[in-house]
Amino acid sequence: MDTEIVRKRLLRRREELQGRANRASADLRHESDPLSADFAEQVTQRESDEVLSAISETARGELKQIGAALRRLEEGRYERCEVCGGPIEPGRLEAVPYTDRCRSCAAGEPGAAAR
Ligand SMILES: [Zn+2]
């Protein structure tokens, strides 16, 4: 595996997510759109705040996983399953580049590699 390519992919994804999380946080602070005095309008704003919080939380969760994946990459553990210690399927890393477990462990069947 070309770890340099993987690292670039992870870094690009991290930037994208950081941008998304930052935009969502800025919108949540209502920097460019202050809370309306109109009640119905406020309800709409609150609803969109909930969506923004969800976006921001999801992005931050993935950012954490990407940070951990970059660390594993540096330590040469990137292709090792954190649960069973077996190899993570290349196709799985391709699809979920920040995953830390093999297909079986992700599916909740730890120890599949030891069978
Ligand atoms: Zn595993």
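Just after H1, histidine 30 takes a positive phi of about 55°. This is a predicted model, in which local features need pLDDT of at least 70 and side-chain atom pairs count only at pLDDT 80 or more, while totals for chains, interfaces and linings use all residues. Residues are numbered from 1 along each chain as its sequence is written.

Helices here are DSSP runs of H or I with at least four residues, numbered from the N terminus.

H1 packs against H2 at an angle of about 155°, their axes lying 8 Å apart, where axes are lines fitted to C-alpha atoms over the stretch in contact and angles run from 0 to 180 degrees between N-to-C directions. The two helices, H1 and H2, are therefore roughly antiparallel, a term that applies to angles over 145 degrees.

The chain is also divided into domain 1 (1-77) and domain 2 (79-115), with bounds that come from an automatic or database domain assignment. Their centres, taken over C-alpha atoms, are separated by 25 Å. To the contact, domain 1 gives 11 residues and domain 2 gives six, residues being in contact if their C-beta atoms, placed from the backbone, lie within 7 Å. On the side of domain 1 that touches domain 2, the elements that give two or more residues are helix H1 (3-28) and helix H2 (39-74), and H2 gives the most, with six residues.

Definitions and conventions. Two residues are in contact if their C-beta atoms, placed from the backbone, lie within 7 Å. Angles under 35 degrees count as roughly parallel, over 145 as roughly antiparallel, 65 to 115 as roughly perpendicular and the rest as oblique.
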